[in-house]
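Open the model in your viewer and keep the selection tool ready. We will go stop by stop.

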Amino acid sequence: MSTLFVNNLNTASGSTITVPTGKKVVVTDQGGITAPGAVVNTAQFQITGGGSTTSTTDVAMVTCGTYTTTVANSKILINAPLQTQVGTNNSSSGLGVFQLRHSLDSYGSVLCRIATARYRDSSGNNGWMQGGSPFQALHEPNQAAGTAITYKIYGRKQTGNAGVYVNDTWGQSPIYNIIIQEIAP
């Protein structure tokens with residue numbers, strides 16, 4: 001086996017360099033070759049705090065992280081496995097609505113929406129319902145490389161007489177890892 005050392009590849013004619021059928025290029029470093037649809041970067045953000053509200057309008061509750069793009073017009077895959085909770089008091093039912101949003105439009109667009117419900121306890125006891133659905137979205141921001149994008153979870157109490165919570169597991173100091181992957185256009 002021989003090794004070829006070059007600083008640049010160029011075509012002898014035309015504009016395409018082709019790898020023959022049955023052959024492949026093996027790259028040992030992440031990002032060594034960028035191909036459409038390939039993951040070009042992965043970031044992890046650790047969340048240790050949470051938020052709560054009794055508001056019936058959307059409120060920013062948790063910041064998932066700020067990711068800076070490395071490739072122009074890339075797609076961003078967000079996986080935020082945060083817990084949501086809805087409380088109830090006095091035999092009432094409750095519904096919380098939670099949304100994943102981004103900073104590029106001042107948090108106006110919803111990338112993912114989750115609803116968590118707690119139904120009335122007929123015995124009159126107060127109660128809580130904790131949901132475990134992850135916030136997942138494929139964001140296509142169409143931005144230049146080097147664009148910083150912050151992702152946040154917003155929430156509101158839709159119905160009920162108690163609060164709604166994100167990432168609050170009874171004071172146990174939970175740690176959740178938010179994974180963001182950038183995908184080449």
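**Stop 1: the cysteines**

Select Cys64 first: its relative accessibility is 1%, so it counts as buried. This is a predicted model. Next, pick Cys112. Cys112 is buried too, at a relative accessible area of 13%. Do not look for a disulfide: the count is zero. The rule asks for two cysteine sulfur atoms within 2.5 Å.

**Stop 2: a salt-bridge network**

How many salt bridges does a search of the whole structure find? It finds two.

Show the side chains of Arg101 and Asp58. They meet in a salt bridge, 2.7 Å from N to O. Arg101 sits in strand 6, while Asp58 sits in the loop between strand 2 (51-53) and strand 3. The two are 43 residues apart in sequence, so the pair ties together separate parts of the chain.

Now check burial at each end. Is Arg101 buried or exposed? Arg101 is buried, because its relative accessible area is 10% and the cut-off for buried is under 20%. Asp58 has 30% relative accessibility, so it counts as partly exposed.

Arg156 is buried, with a relative accessible area of 17%. Display the three residues together. Shared partners join Asp58, Arg101 and Arg156 into one network of salt bridges.

**Stop 3: two positive phi angles**

Go to Asn73. Its phi is positive, about 60°, although Asn73 is not a glycine. Asn73 lies in the loop between strand 3 (59-68) and strand 4 (75-80). At 41% relative accessibility, Asn73 counts as partly exposed.

Then jump to Tyr107. Here phi is near 65°, again positive in a residue other than glycine. Which loop holds Tyr107? It is the one between strand 6 (94-102) and strand 7 (110-118). Tyr107 is buried, with a relative accessible area of 14%.

**Stop 4: the largest pocket**

Finish with the largest pocket. Its space comes to about 340 Å³. To see the lining, select Met1, Ser2, Thr3, Leu4, Val6, Leu9, Ile17, Thr18, Val19 and Val25. Color these by class. Seven are nonpolar, three are polar and none is charged.

Conventions: Residues are numbered from 1 along each chain as its sequence is written. This is a predicted model: local features need pLDDT of at least 70, side-chain atom pairs count only at pLDDT 80 or more; totals for chains, interfaces and linings use all residues. Side-chain values use heavy atoms; hydrogens and water are left out. Buried means under 20% relative accessible area, exposed over 50%, partly exposed in between (1.4 Å probe, protein chains only). On a 1 Å grid over the protein atoms alone, a cavity is a set of points where a 1.4 Å probe fits but cannot get out, and a pocket is an open set with protein on both sides within 12 Å along at least five of seven lines; lining residues have an atom within 4 Å of a point. Grid points are joined across faces, edges and corners, and a volume is the space filled by probe spheres set on the points. Ala, Val, Leu, Ile, Met, Phe, Trp, Tyr, Cys and Pro count as nonpolar, Asp, Glu, Lys and Arg as charged, and the others, Gly among them, as polar. Helices (H or I, at least four residues) and strands (E, at least two) are DSSP runs, numbered from the N terminus. A salt bridge is a side-chain nitrogen of Lys or Arg within 4 Å of a carboxyl oxygen of Asp or Glu.
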